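Here is a short briefing on one protein chain. Keep the sequence and the 3D view open while you read.

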Amino acid sequence: MPREAEETLGESQPPVGTHVVDTDTGRAGIVMGHEGPYVQLRPPGGGREWDAEPGAVRRTVPGDRAGAEAAPAEAGDEPP
(Lines give C-alpha, C1' and ligand atoms only; values in the text may rest on other atoms or scores of the structure.)
Protein backbone atom coordinates (compact mmCIF):
# COMPACT_ATOMS: atom_id res chain seq x y z
CA MET A 1 0.00 0.00 0.00
CA PRO A 2 1.41 3.45 -0.83
CA ARG A 3 2.72 5.42 2.11
CA GLU A 4 0.19 8.23 1.47
CA ALA A 5 -2.68 5.77 1.96
CA GLU A 6 -1.40 4.81 5.40
CA GLU A 7 -1.19 8.35 6.72
CA THR A 8 -4.09 9.78 8.65
CA LEU A 9 -5.43 13.23 7.92
CA GLY A 10 -4.29 14.37 11.36
CA GLU A 11 -6.48 16.69 13.35
CA SER A 12 -7.88 18.43 10.25
CA GLN A 13 -11.53 17.98 9.34
CA PRO A 14 -11.82 16.28 5.93
CA PRO A 15 -14.35 17.86 3.56
CA VAL A 16 -17.89 16.47 3.30
CA GLY A 17 -18.04 13.81 0.58
CA THR A 18 -14.46 12.59 1.11
CA HIS A 19 -14.00 8.81 1.12
CA VAL A 20 -12.04 7.84 4.21
CA VAL A 21 -11.13 4.92 6.47
CA ASP A 22 -11.62 5.09 10.23
CA THR A 23 -8.35 3.50 11.33
CA ASP A 24 -9.73 2.84 14.84
CA THR A 25 -12.39 0.48 13.47
CA GLY A 26 -11.03 -0.35 10.00
CA ARG A 27 -14.34 0.73 8.45
CA ALA A 28 -14.52 2.80 5.28
CA GLY A 29 -16.96 5.66 5.10
CA ILE A 30 -17.95 8.89 3.43
CA VAL A 31 -17.67 12.11 5.42
CA MET A 32 -21.22 13.35 6.04
CA GLY A 33 -20.41 16.21 8.39
CA HIS A 34 -18.62 17.39 11.49
CA GLU A 35 -20.12 17.54 14.95
CA GLY A 36 -17.97 18.99 17.69
CA PRO A 37 -14.55 17.38 17.51
CA TYR A 38 -15.79 14.36 15.52
CA VAL A 39 -16.08 13.46 11.86
CA GLN A 40 -19.41 11.85 11.00
CA LEU A 41 -19.06 8.93 8.59
CA ARG A 42 -21.55 6.77 6.71
CA PRO A 43 -20.78 3.46 4.96
CA PRO A 44 -20.39 3.87 1.17
CA GLY A 45 -23.43 1.67 0.47
CA GLY A 46 -25.60 3.45 3.05
CA GLY A 47 -26.37 2.63 6.63
CA ARG A 48 -25.90 4.18 10.03
CA GLU A 49 -23.51 7.04 10.58
CA TRP A 50 -20.83 6.87 13.23
CA ASP A 51 -18.46 9.37 14.80
CA ALA A 52 -14.73 9.09 14.24
CA GLU A 53 -11.80 10.92 15.75
CA PRO A 54 -10.27 13.23 13.12
CA GLY A 55 -6.80 11.89 13.98
CA ALA A 56 -7.92 8.35 13.13
CA VAL A 57 -9.24 9.14 9.65
CA ARG A 58 -7.27 8.61 6.44
CA ARG A 59 -8.20 8.99 2.79
CA THR A 60 -9.08 5.79 0.98
CA VAL A 61 -7.40 4.29 -2.03
CA PRO A 62 -9.46 2.55 -4.77
CA GLY A 63 -8.95 -0.89 -3.20
CA ASP A 64 -10.34 0.35 0.12
CA ARG A 65 -13.59 1.49 -1.48
CA ALA A 66 -14.13 -1.76 -3.39
CA GLY A 67 -13.72 -3.82 -0.24
CA ALA A 68 -15.91 -1.50 1.81
CA GLU A 69 -18.80 -1.69 -0.63
CA ALA A 70 -18.87 -5.48 -0.33
CA ALA A 71 -18.32 -5.60 3.45
CA PRO A 72 -21.83 -4.66 4.70
CA ALA A 73 -23.52 -7.49 2.78
CA GLU A 74 -20.96 -9.99 4.00
CA ALA A 75 -21.29 -8.83 7.59
CA GLY A 76 -25.08 -9.04 7.50
CA ASP A 77 -25.54 -5.28 7.90
CA GLU A 78 -27.95 -3.19 5.91
CA PRO A 79 -27.75 -3.91 2.18
CA PRO A 80 -26.09 -1.31 -0.08
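Predicted model: local features only at pLDDT ≥ 70, side-chain atom pairs only at ≥ 80, totals over all residues.

The protein has two helices and five strands. Its mean pLDDT is 77. Buried residues account for 31% of the 80 residues.

**Fold**
- Along the sequence the elements run α-β-β-β-β-β-α.
- Take the contacts with a separation of 6 or more: 42% of them join residues 24 or more positions apart.

**Confidence**
- A pLDDT of 70 or more is reached by 65% of the residues.
- Helix α1, residues 3-6, has the lowest confidence, with a mean of 44.
- Strand β4 has the highest, at 97.
- Residues 1-6 stay under 50 in pLDDT, and the model gives them six contacts beyond four places in sequence.
- Residues 70-80 are also below 50. Beyond near neighbours in sequence, that stretch has seven contacts in the model.

**Nonpolar core**
- The largest nonpolar core has seven residues: Val20, Val31, Val39, Leu41, Trp50, Ala52 and Val57.
- Strands β3 (38-42) and β4 (50-52) each supply at least two residues of this core.
- In soluble globular proteins, nonpolar side chains tend to be buried together.
- Ala52, one of the core residues, touches Asp22, Tyr38, Val39, Leu41 and Val57, leaving out residues up to four places away in sequence.

**Asp22**
- Asp22 sits in strand β1, which spans residues 19-22.
- Is Asp22 buried or exposed? Asp22 is buried, and it has no salt bridge.
- Arg27 carries the nearest side chain of opposite charge, 6.7 Å away.
- What lies 3.0 Å from a polar atom of the Asp22 side chain? The backbone nitrogen of Asp24 does.
- Setting aside neighbours within four places in sequence, Asp22 contacts Arg27, Leu41, Trp50, Ala52 and Ala56.
- Among these contacts, Leu41, Trp50 and Ala52 belong to the largest nonpolar core.

**Charge pairing**
- Side chains of opposite charge can pair when their charged atoms come close.
- How many salt bridges does the count give? The count is one.
- The side chains of Glu49 and Arg42 form a salt bridge, at 2.9 Å from N to O.
- Glu49 has a relative accessible area of 37%, so it counts as partly exposed.
- Arg42 is also partly exposed, because its relative accessible area is 31%.

**Two loop glycines**
- Gly17 lies in the loop between α1 and β1.
- Gly17 has a relative accessible area of 41%, so it is partly exposed.
- Beyond neighbours within four places in sequence, Gly17 contacts Ile30 and Val31.
- Gly17 and Val31 are 14 residues apart in sequence, with their C-alpha atoms 5.1 Å apart. Val31 is also one of the core residues.
- Gly55 lies in the loop between β4 and β5 (57-59).
- Gly55 and Asp22 are 33 residues apart in sequence, and 9.1 Å apart from C-alpha to C-alpha.

Terms used:
Residues numbered from 1 in each chain as written. Heavy atoms only, no water. Helix = DSSP H or I, 4+ residues; strand = E, 2+ residues; numbered from the N terminus. Buried < 20%, exposed > 50% of the residue type's maximum accessible area, 1.4 Å probe, protein only. Lys, Arg positive; Asp, Glu negative; His and termini not counted. Salt bridge = Lys/Arg side-chain N within 4 Å of Asp/Glu carboxyl O. Polar contact = N/O pair within 3.5 Å; in protein donor to acceptor, adjacent residues only side chain to side chain. Contact = heavy atoms within 4.5 Å. Core = buried A, V, L, I, M, F, W, Y, C linked by side-chain atoms within 4.5 Å. pLDDT = per-residue confidence, 0-100.
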